[in-house]
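Please look over the sequence and the model shown here. A set of questions and answers on selected features comes after them.

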Amino acid sequence: MLNGIHFLLTYTCTQSCKHCFLHCSPDSQGTMKMEQIDAVLREAKKLVSVQDIYFEGGEPFLVYSLLKEGVRSARRMGFSVGIVTNGFWAKDEEEATQWLEPLAQLGISDLSISDDELHYGNLSHRPSKIALDAALKLGMPARALRCFRPEVNSDAVSAENGGLPYSGGVSLRGRAVKSFASGLPKRDQACFLECPHEDLEDPKRVHIDAFGNVQICQGLSMGNCWETPLSNMFQDYEPWKHPVCGPLLQGGPNALAEVFGFSVREGWVDECHLCYSVRAAFRQKLPEVLAPPQAYGTETAV
């Protein structure tokens with residue numbers, strides 16, 4: 001049963017991170033409206049099982065008024081609320097506190113701040129660190145999100161990796177496919193027989209954007225909630241009949257590649273690498289399912 005809804009408030013971001021699975025950037029477009037947020041929240045109440053609401057992006061603090069109103073509305077309806085941000089707004093502790101205090105007063109259950117080299121390089125005076133410290137001083141439940149550049153550990157060999165040097169913990173989607181795949185150990189597509197990350201048969205979390213895409217995984221849509229109410233969409237969801245989820249449930253990315261006739265044999269780092277590559281290659285074949293275009297580095301009109 002669905003437990004969480006993540007609002008992609010905007011695809012616009014202050015950065016263009018090499019690992020971003022949504023290809024967000026300062027030039028990316030697509031920002032939600034308050035009436036859209038409220039419409040989804042009402043549908044979430046109908047589903048009963050939904051407990052957690054997250055606001056993220058892109059960078060949600062770029063639309064701060066919308067963020068505040070969204071948090072207020074979700075809290076008023078009894079949901080637990082979290083926010084994901086890169087903390088760009090924290091120039092110093094005083095300014096960080098000014099941004100955070102209104103949100104703290106509304107009651108935030110989780111503030112996740114991206115604080116790593118992929119976002120800020122080796123910068124010692126990172127705004128993300130300032131934001132985290134300020135949040136903790138305000139008593140907010142805050143934590144650092146850290147992603148790392150994938151590296152090969154030549155001293156470790158994994159049997160699951162076919163005896164190749166280990167590069168575990170890698171998940172290559174979006175820009176990360178082009179940014180980090182080179183040089184990592186790869187396996188044949190026949191090795192990837194399941195999706196280890198998402199419960200495609202009974203999704204527990206979805207991401208919803210301004211265009212109405214209800215993403216089970218980034219770039220993999222269950223449907224459009226502006227066309228079909230979210231509660232109806234979940235009631236009618238038949239995962240084994242879904243043109244992408246069905247093959248993935250049957251035999252993982254390998255089965256998806258076979259169904260689509262994907263015959264590239266260059267080798268793949270992990271399940272996500274193969275799955276994303278197949279979907280990107282055949283996106284035009286199923287544009288309503290392999291959506292949104294932003295997840296594949298292509299913009300649409302607002």
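Reader: On what basis are the values given?

Author: This is a predicted model, in which local features need pLDDT of at least 70 and side-chain atom pairs count only at pLDDT 80 or more, while totals for chains, interfaces and linings use all residues. Residues are numbered from 1 along each chain as its sequence is written, and side-chain values use heavy atoms, with hydrogens and water left out.

Reader: At roughly what angle do the axes of helix H8 and helix H9 cross?

Author: Helices (H or I, at least four residues) and strands (E, at least two) are DSSP runs, numbered from the N terminus. Axes are lines fitted to C-alpha atoms, for helices over the stretch in contact, and angles run from 0 to 180 degrees between N-to-C directions. The axes of H8 (residues 245-260) and H9 (residues 271-281) come within 9 Å, and they cross at roughly 45 degrees.

Reader: How do the residues of the contact of H8 with H9 divide into nonpolar, polar and charged?

Author: Contact means heavy atoms within 4.5 Å. H8 contributes Leu248, Pro253, Asn254, Leu256, Ala257 and Phe260, and H9 contributes Glu271, Leu274, Cys275, Val278 and Arg279. Ala, Val, Leu, Ile, Met, Phe, Trp, Tyr, Cys and Pro count as nonpolar, Asp, Glu, Lys and Arg as charged, and the others, Gly among them, as polar. The division is 8 nonpolar, 1 polar and 2 charged.

Reader: Is Cys225 buried or exposed?

Author: Cys225 is found in the loop between strand S10 (220-224) and helix H7 (230-236). Leaving aside neighbours within four places in sequence, Cys225 is in contact with Val40, Ile208, Gly212, Val214 and Met233. Buried means under 20% relative accessible area, exposed over 50% and partly exposed in between (1.4 Å probe, protein chains only). The relative accessibility of Cys225 is 11%, so this residue counts as buried.

Reader: Is Val48, which has a positive phi, buried or exposed?

Author: Val48 is found in the loop between H1 and S2. Phi of Val48 is near 65 degrees, a positive value in a residue other than glycine. Because its relative accessibility is 68%, Val48 counts as exposed.
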